[in-house]
Amino acid sequence: MEGLRLMTGIVVRKINWDFDASVPFLWQPANPQFGLFCNAFTFIAVPFERYIVSAVRMAADRLNEDAGVAAEAEAFLKQEALHAAAHRKHMLALIQRYPGLEQCYVDSCAAYDALLEAQPVEFHLSYIANLEATFTPLFKVILDNRDSLFGGGDPRVASLMMWHFVEEIEHRSSGLILCNHVNPYPWSRTRHVRRTFSHVHAIADAIAEAFDEIVPFEERGASTRELLSGDFLTGELKHRIPLGRSRVRAPTIFGTVPTGDLARMLWRLALSQAPYHNPADQPLPDWADTWMREYERGTDMTTFAASHR
């Protein structure tokens, strides 16, 4: 696709993340809904990153046809592998508190393994590109509203999430670059949008069910099922519009986010699935540059959220 630039300047940052059983499940008491979202994100991220590595390796022969694309794939995988390793530490800390949650990971990995066997590599790279395309508009809103979302939370978990969200924005074009190499027609990717998000939703729903069954309500602060329901991205905005105010208010992670930010995010999420979407054109959070500068200065990023929101 014209405008997609190879080798997007991805930096592979090895950070010494440390999580143990002292990390509470309710790590964000000021906003338990957002805390639940991030916990679910951890349990989705580890198997999804594992799936990315497997899918890109399946496509290696085709990606290696172009040296630039191969280099993009290598840098992309290195960053994603570090994301998986870091979130795995967080996940294992939560499993140490609640051993029953281990089945979430096992089941999610099995779901991705079954998908790998059932679909061709063209589908897998489309799936990755479709999901990765949503991250820039979603994480921009989160990082732009970091004070209200992360404020008062455990700095270890908050810093992990901020790091991951910044790096997803940094490699925002990588998934689409790889996808376009094996799917040269733009509509090839978009025809898999529904199947992509149905699969993601099924995994998220199973994780939500496990959270609600295994973790006592007072230790999570909200219903994960309600939070991650089909309209968890749109529920807050629906409540704010005149026709929605009479509805029963459901839990939402975006209660503190301005309406304009939410509306723009939803519009950009829709555009991210269009056939000629170009992640390089997306507006970015200014704070991502702040995070990167602090990393280059040698700041301890494992607790960065505590004093640099």
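Predicted model: local features only at pLDDT ≥ 70, side-chain atom pairs only at ≥ 80, totals over all residues.

User: How are helices defined, and how many residues of helix α8 are buried?

Analyst: Helices are DSSP runs of H or I with at least four residues, strands are runs of E with at least two, and both are numbered from the N terminus. Buried means under 20% relative accessible area, exposed means over 50%, and partly exposed lies in between, with a 1.4 Å probe and protein chains only. Helix α8 covers residues 174-182, and eight of its nine residues are buried. Among them are Leu176, Ile177, Leu178 and Cys179. Cys179 has a relative accessibility of 0%.

User: What covers the buried residues of α8?

Analyst: Covering is judged by contact, which means heavy atoms within 4.5 Å. The elements that cover the buried residues of α8 include α1, α2 (60-63), α3 (67-97), α5 (121-144) and α9 (186-190).

User: How should I read a residue in a loop, and where is Gln282?

Analyst: Gln282 lies in the loop between α13 (259-271) and α14 (287-297). Gln282 counts as buried because its relative accessible area is 13%. Leaving aside neighbours within four places in sequence, Gln282 is in contact with Thr136, Pro137, Arg268 and His277.

User: Is Glu219 buried or partly exposed?

Analyst: Glu219, in the loop between α10 and α11 (224-227), has a relative accessible area of 30% and is therefore partly exposed. The C-alpha atoms of Glu219 and Phe25 are separated by 6.5 Å, although these residues are 194 residues apart along the chain. Apart from neighbours within four places in sequence, Glu219 is in contact with Phe25, Leu26 and Tyr98.

User: How far apart in space are Ala263 and Ala158?

Analyst: Separation in sequence and separation in space are to be read as two quantities. Ala263 and Ala158 are 105 residues apart in sequence and 25 Å apart in space, C-alpha to C-alpha. Ala158 and Ala305 are 147 residues apart along the chain, yet their C-alpha atoms are separated by 6.0 Å. Ala158 is found in helix α7 and is buried, with a relative accessible area of 1%. Ala263 is in helix α13 and counts as partly exposed at 35% relative accessibility. Not counting residues up to four places away in sequence, Ala158 touches Trp27, Phe150 and Ala305.

User: How is a pair of aromatic rings described?

Analyst: A pair of aromatic rings is described by the distance of the centres and the angle of the planes. Rings of Phe, Tyr and Trp (its six-membered ring) pair if their centres lie within 6.5 Å; planes under 30 degrees apart count as stacked, over 60 as edge-to-face and the rest as tilted. A search of the whole structure finds 23 aromatic pairs. Phe48 and Tyr112 form a tilted pair, 6.2 Å centre to centre with 45° between the planes. This pair links distant parts of the chain, with Phe48 in helix α1 (residues 32-58) and Tyr112 in helix α4 (residues 102-118), 64 residues apart. Phe48 is buried at 4% relative accessible area, and Tyr112 is buried at 1%. One aromatic cluster is formed by Trp27, Phe34, Phe37, Phe41, Phe135, Phe139, Phe150 and Phe165.

User: How many disulfides are counted?

Analyst: A disulfide is a covalent bond between the sulfur atoms of two cysteines. The rule applied here asks for a pair of cysteine sulfur atoms within 2.5 Å. By this rule the count is zero disulfides. Cys109 is in no disulfide, and the nearest cysteine sulfur, that of Cys104, is 11 Å away. Cys109 counts as buried, at 7% relative accessibility.

User: Which helix gives the most to the lining of the largest pocket?

Analyst: On a 1 Å grid over the protein atoms alone, a pocket is an open set of points with protein on both sides within 12 Å along at least five of seven lines, and lining residues have an atom within 4 Å of a point; a cavity, by contrast, is a set of points where a 1.4 Å probe fits but cannot get out. Grid points are joined across faces, edges and corners, and a volume is the space filled by probe spheres set on the points. The largest pocket holds about 780 Å³ of space. Of the 31 residues that line the largest pocket, the closest to its centre are Leu131, Phe197, Val200, Phe232 and Leu233. Helix α1 gives the most to this lining, with seven residues.

Technical notes:
Residues numbered from 1 in each chain as written. Heavy atoms only, no water.
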